[in-house]
Amino acid sequence: MDQDIYEDMCMYGRFLENRGLNLSSHSGNMSVRRGDCLYIKRRGAMMGALKEQDVVETRVEEDDSGVIIASTEVGVHRAIYQNTSALAVIHAHTPYAISLSIVRDEIVPIDDEGEYHLKKVPVLDVEESIGSKNVEKELPEILRDYNAAIVKGHGTFAHGENLEEAYNWITVVESICKVIYLVENLGGETLKEGGW
Ligand SMILES: [Zn+2]
């Protein structure tokens, strides 16, 4: 494995933890694609303190290498790489996005920066949302058109050309959801015409 993959994963894992973008300490996951290889966070590894052995090498196409210790979401990561142009994926248990996804079917930004980046944030509603075949099937279809989406009640998935881009989308979506939450708590209007 290239040292830069490991160093990037450590750095963005720390950023997610330090900015409160991932709820519980050992949850969430991230991966990087290099050709046919897939490097992914180890199952149950602590997001904010990743070590070299916490990055597992496996394949983009389904095979058994590394899968036992890879993230429970390895199937979802593979499906995203197989069906989109993604080269890096981050999944985090983002508190504001999770909360808003429970009460809304899709999320339309109301702040200027959010509107600048995204017209809307899709919310995927599936019965089983953790490491599930339903998410593997339906999420990549959404992520072909969007860099980020929220799996209802579970968390944000974002992708890009590298981990920095995926991380940026995680922060953009969480900021959009946080502003909506804050404005609602101030008694402001957050439902847009033609929205949900
Ligand atoms: Zn998750």
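Visitor: Is Arg144 buried or exposed?
Guide: This is a predicted model, in which local features need pLDDT of at least 70 and side-chain atom pairs count only at pLDDT 80 or more, while totals for chains, interfaces and linings use all residues. Residues are numbered from 1 along each chain as its sequence is written. A residue is buried if 20 or more other C-beta atoms, placed from the backbone, lie within 10 Å of its own, exposed if 12 or fewer, and partly exposed in between. Arg144 has 12 C-beta neighbours inside 10 Å, so it counts as exposed.

Visitor: Which residues does Arg144 touch, not counting residues up to four places away in sequence?
Guide: Arg144 lies in the loop between helix 5 (133-143) and strand 7; helices (H or I, at least four residues) and strands (E, at least two) are DSSP runs, numbered from the N terminus. Two residues are in contact if their C-beta atoms, placed from the backbone, lie within 7 Å. With sequence neighbours up to four places away set aside, Arg144 touches Asn83 and Thr84.

Visitor: How are helix 2 and helix 5 placed relative to each other?
Guide: The axes of helix 2 (residues 74-83) and helix 5 are 9 Å apart, at an angle of about 40 degrees. Axes are lines fitted to C-alpha atoms, for helices over the stretch in contact, and angles run from 0 to 180 degrees between N-to-C directions. Angles under 35 degrees count as roughly parallel, over 145 as roughly antiparallel, 65 to 115 as roughly perpendicular and the rest as oblique. Helix 2 and helix 5 are therefore oblique to each other.

Visitor: Into which classes do the residues of the contact of helix 2 with helix 5 divide?
Guide: From helix 2, Gly75, Val76, Ala79, Ile80 and Asn83 meet Val135, Glu136, Leu139, Pro140 and Leu143 of helix 5. Ala, Val, Leu, Ile, Met, Phe, Trp, Tyr, Cys and Pro count as nonpolar, Asp, Glu, Lys and Arg as charged, and the others, Gly among them, as polar. The residues of this contact divide into 7 nonpolar, 2 polar and 1 charged.

Visitor: How many residues of helix 2 are buried?
Guide: The cover over the buried residues of helix 2 includes strand 1 (29-34), strand 4 (88-92) and helix 5. Among the buried residues are Val74, His77 and Arg78. Helix 2 is mostly covered, and its buried residues number 7 of 10.

Visitor: Is Glu73 buried or exposed?
Guide: Glu73 is found in the loop between strand 3 and helix 2. Apart from neighbours within four places in sequence, its contacts are Asn29, His91 and Gly131. Because 27 other C-beta atoms lie within 10 Å, Glu73 is buried.

Visitor: How is helix 3 placed relative to helix 6?
Guide: The axes of helix 3 and helix 6 come within 8 Å, and they cross at roughly 60 degrees. That angle makes helix 3 oblique to helix 6.
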